[in-house]
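This report takes a predicted model one region at a time. Please keep the sequence and the structure open while reading.

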2 protein chains.
Amino acid sequence: VTTATAAVAGHVDPVASPPRTLRLALLGFGSVGSAVARLAHDSPLHPARVTAALVRDVRRDRGPASQGIALASDASSVLASRPDVVIEALGGREPARSLVIDALARGVPVVSANKSLLAWHGDEVLAAAEAARTPLRYEAAVMAGVPFLCAFADRPFAASVHGFTAIVNGTCNFILSAMSGGRATRQQALAEAQRRGYAEPDPSSDVSGRDAAEKLCVLLRHFGGWSTTPNDLDVEGIERIDAEDLEQAREFGGVIRPLVSAAWECERPWAIAAPAFIPRTHPLAAVQGVDSGIVIRTRYHGVLTFGGPGAGPEVTAATLLDDAVTAARPGSSFACAASRRPSWDAPATSWFVRVGAARLPDERDTADLLGSHGVWLKRTSPRDTRRGGERQWALVHADTKPRIESALAALGRAACCDTLAIRAMEA
Amino acid sequence: VTTATAAVAGHVDPVASPPRTLRLALLGFGSVGSAVARLAHDSPLHPARVTAALVRDVRRDRGPASQGIALASDASSVLASRPDVVIEALGGREPARSLVIDALARGVPVVSANKSLLAWHGDEVLAAAEAARTPLRYEAAVMAGVPFLCAFADRPFAASVHGFTAIVNGTCNFILSAMSGGRATRQQALAEAQRRGYAEPDPSSDVSGRDAAEKLCVLLRHFGGWSTTPNDLDVEGIERIDAEDLEQAREFGGVIRPLVSAAWECERPWAIAAPAFIPRTHPLAAVQGVDSGIVIRTRYHGVLTFGGPGAGPEVTAATLLDDAVTAARPGSSFACAASRRPSWDAPATSWFVRVGAARLPDERDTADLLGSHGVWLKRTSPRDTRRGGERQWALVHADTKPRIESALAALGRAACCDTLAIRAMEA
């Protein structure tokens with residue numbers, strides 16, 4: 001088994017060959033934590049096993065997954081067991097933050113899938129890693145199943161990134177995909193996402209864009225060295241998008257996807273987390289269901305794309321275990337704190353606009369009113385009267401969000417319209 | 001600069017921080033070699049410089065790119081300069097093979113973009129790396145601008161690959177893309193590819209499929225631990241595909257792309273390098289021009305995709321320099337030799353078939369004759385008479401290559417037809 005493993009990976013560790021069994025300590029034993037324990041136990045690829053786990057209630061029956069694992073409700077006894085690597089699978093900000101800092105201070109490498117931890121406390125936990133010269137890895141925090149952050153570490157030319165566009169929230173992408181073509185309502189789609197273990201315990205974090213914003217912060221840190229929290233960013237959710245919007249997007253030759261996007265080698269660095277209309281030819285248009293994908297713009301390597309499963313306990317566990325193997329290697333590099341704090345703008349883009357009312361005003365009047373606010377129509381749909389009231393969609397020329405919003409607000413006041421504006425991004 | 005670099009990559013070397021200047025020796029100073037020298041000199045990201053280079057003729061004027069570089073026509077003096085890393089940019093099998101083995105034996109890490117070296121002498125050079133416990137890296141050998149091989153090294157769960165489908169020959173993809181929609185003839189497309197530096201010095205290696213077959217061997221070794229040379233594989237070129245085939249592919253809802261594909265967790269492991277018809281919804285259908293892309297099927301991570309520039313001196317040089325930085329790190333892993341030698345089959349697939357003749361036989365007769373060989377039509381095109389003679393295209397149900405070939409040969413004999421069969425692969 002050892003020989004085959006080394007051959008398959010194309011590389012073998014120069015020191016620990018054949019590899020000894022990795023002793024892992026889990027913080028948290030929920031869906032991801034128990035998948036880690038199962039996978040570590042089952043896997044023939046690399047000997048690893050979970051020896052200790054922090055749980056809230058040690059008496060709860062956790063089935064065969066917890067066999068041979070010392071369960072404890074106090075973190076210090078878990079860390080005192082001297083594991084090779086700590087796998088943080090608690091999620092959320094505290095106690096994850098304190099425990100990760102504690103483990104690093106003891107010189108124990110930490111791997112984590114926790115985007116909230118990195119987004120809100122990235123500076124602090126990475127400074128702790130740097131101070132202890134101990135690895136902190138977070139490959140599973142964004143696009144959980146896709147090993148891509150690691151491809152940029154220690155590769156300075158590839159790391160010459162100046163922007164990216166990505167689908168990082170599997171739940172929202174799953175919901176919008178399932179709603180397309182009228183296959184499911186939003187509620188049905190969400191329920192199915194939860195049933196499959198894709199949706200976060202609190203779905204409002206997904207649909208509001210908060211989860212995407214946290215992952216955007218992780219990406220900004222990793223690719224730009226930027227220290228950013230979600231509070232610094234323009235964030236929108238998918239709450240107001242319905243099946244008719246998705247149908248009209250198709251009529252306009254595109255799809256609506258939950259995106260995060262940023263660029264920083266321009267006059268005004270910008271970063272957004274928002275659903276967006278993209279043309280069918282956009283590389284992210286093909287990313288459907290719970291899959292995630294990223295288009296990375298680099299100076300030396302042109303445009304790079306990476307895609308694959310974005311969520312799910314099993315793929316997250318597999319990535320955490322791979323991170324653990326890497327973090328335990330002698331000479332493994334450690335993350336280091338970002339220091340640059342930009343002020344993020346939101347870009348001027350085209351927009352996909354919906355107006356709805358019991359009775360819409362004359363189309364020419366609408367165009368005149370929007371034009372008086374400097375907003376110009378590029379393309380309009382026929383009017384739709386399916387729901388009793390009238391609805392119409394349009395693509396409008398590039399403009400800033402405040403201008404679009406004030407023009408639509410004026411239209412809403414003048415004609416009792418309900419309006420929705422979604423960004424339209426080019427390839 | 002150093003601090004920014006460390007932050008951008010998200011990781012920093014634990015030992016050599018701040019990094020000292022890497023001293024690089026080049027073997028070969030052609031388009032890739034001189035791009036390496038230029039980029040190493042220009043780059044603010046990581047201090048590196050080329051100190052020595054092996055060239056055929058030391059007196060030839062190489063302009064500013066060779067300033068400060070000790071040029072030599074004997075390899076031993078280049079290796080005796082004790083570089084931190086040797087960058088092999090000779091291409092081809094010899095003297096690359098001997099020089100790489102020599103460098104490794106001296107304990108000097110080697111990086112290479114040379115797929116021929118890996119494909120034909122992979123066992124030998126990797127055994128040399130293993131024996132010397134010295135890194136040999138080859139990220140640029142396949143999909144030169146895309147860092148993806150590295151994402152699987154030292155990640156045993158991600159490395160649970162059981163198959164892949166990829167576009168790895170930028171020249172062929174550029175030619176087929178440029179021929180689509182009648183935008184260029186094959187000759188014009190090839191000339192343009194050569195002008196841009198995408199095409200190999202000898203284009204026959206690209207269009208015959210030999211280049212793709214060598215890269216397929218590198219992928220089989222990296223992802224499966226398989227020891228394979230191009231002689232073991234079913235290889236087809238794009239020589240007989242013309243603009244009308246590409247147009248008809250579009251009518252059938254797809255595109256023709258130069259693919260390599262393999263699967264080995266099945267009853268009969270198979271591997272092919274051949275142009276193929278794929279549906280427009282296939283993830284590789286969006287990979288156009290000189291871009292390359294790969295779809296990797298894994299046990300634990302589902303389906304992963306990677307894409308980006310596949311060729312060009314600049315991106316190849318950037319990847320080589322990133323490999324050099326990684327190879328020079330203390331504790332860097334080294335490649336290890338593969339040992340498994342399977343017998344590769346070719347799979348039964350659907351086929352995209354063209355028949356042409358001064359006058360084609362009756363359509364029903366054609367279907368009957370093919371049916372008598374067990375070959376069944378799925379869809380046919382209208383007949384085309386643009387070139388005086390008649391042409392018709394069809395998609396046929398899944399079958400093996402020998403069966404398709406014998407059926408088409410029988411049709412050719414019976415009705416004086418010229419025939420062409422291209423594989424049709426599903427998503």
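## A buried serine in a loop

Ser332(A) has a relative accessibility of 12% and therefore counts as buried. Buried means under 20% relative accessible area, exposed means over 50%, and partly exposed lies in between, with a 1.4 Å probe and protein chains only. Ser332(A) sits in the loop between helix H11 (313–327) and strand E14 (349–357) of chain A. Helices (H or I, at least four residues) and strands (E, at least two) are DSSP runs, numbered from the N terminus.

Pro135(A) is 197 residues away from Ser332(A) in sequence. In space, the two C-alpha atoms are 6.8 Å apart.

## Basis of the model

The model is predicted: local features need pLDDT of at least 70, side-chain atom pairs count only at pLDDT 80 or more, and totals for chains, interfaces and linings use all residues. Residues are numbered from 1 along each chain as its sequence is written, chains are lettered from A and ligands numbered from 1 in the order in which they are written, and side-chain values use heavy atoms, with hydrogens and water left out.

## Salt bridges

Side chains of opposite charge can pair when their charged atoms come close. A salt bridge here is a side-chain nitrogen of Lys or Arg within 4 Å of a carboxyl oxygen of Asp or Glu. Over all chains, the count is 52 salt bridges.

One of them joins Arg137(A) to Asp323(A), with the closest N and O atoms 3.6 Å apart. Arg137(A) lies in strand E7 (residues 136–137) of chain A and Asp323(A) in helix H11 of chain A, so the pair ties together parts that are 186 residues apart in sequence. Both ends are covered: Arg137(A) is buried at 7% relative accessible area, and Asp323(A) is buried at 0%.

Arg403(A) pairs with Asp399(A), and here the closest N and O atoms are 3.0 Å apart. Arg403(A) is partly exposed at 42%, whereas Asp399(A) is buried at 7%. A network also occurs in chain A: salt bridges with shared partners join Arg240(A), Asp242(A), Glu244(A), Asp245(A), Arg354(A), Arg391(A) and Asp418(A).

## A negative patch

Which residues gather in a patch of negative charge on the surface? They are Asp362(A), Glu363(A), Asp365(A) and Asp368(A). Asp368(A) belongs to helix H12 (residues 363–372) of chain A.

Patches are made of residues with over 30% relative accessible area and no salt bridge; like charges are joined within 9 Å, and nonpolar side chains (Val, Leu, Ile, Met, Phe, Trp, Tyr) within 5 Å. Accessible areas come from the Shrake-Rupley method with a 1.4 Å probe, and for residues only the protein chains shown count as cover. Lys and Arg count as positive, Asp and Glu as negative; His and the chain ends are not counted. The place of a charge is NZ of Lys, CZ of Arg, CG of Asp or CD of Glu.

## Sheets in chain B

An open sheet of 6 strands in chain B has the order E3-E2-E1-E4-E5-E6, with parallel pairing. Strand E3 (70–72) and strand E6 (136–137) of chain B stand at the edges with a single partner strand each, so one side of each is left without a neighbour in the sheet. Two strands pair if DSSP finds at least two bridges between them. Strand E1 (residues 22–27) and strand E4 (residues 85–88) of chain B run parallel and share 4 bridges. Leu24(B) has Val85(B) in E4(B) as its bridge partner.

E9(B) and E10(B) form a hairpin with 6 residues between them.

## Backbone exceptions

Most residues other than glycine have a negative phi, and most peptide bonds are trans. The bond joining Glu94(A) and Pro95(A) is cis, with omega about 5°. Pro95(A) lies in the loop between strand E5 (85–88) and helix H4 (96–105) of chain A. In chain B, the bond from Glu94(B) to Pro95(B) is cis, with omega near 5°. Glu94(B) also forms a salt bridge with Arg97(B) (2.4 Å, N to O).

Arg82(B) has a positive phi, near 55°. Arg82(B) is exposed at 70% relative accessibility. The phi of Arg133(B) is positive, near 50°.
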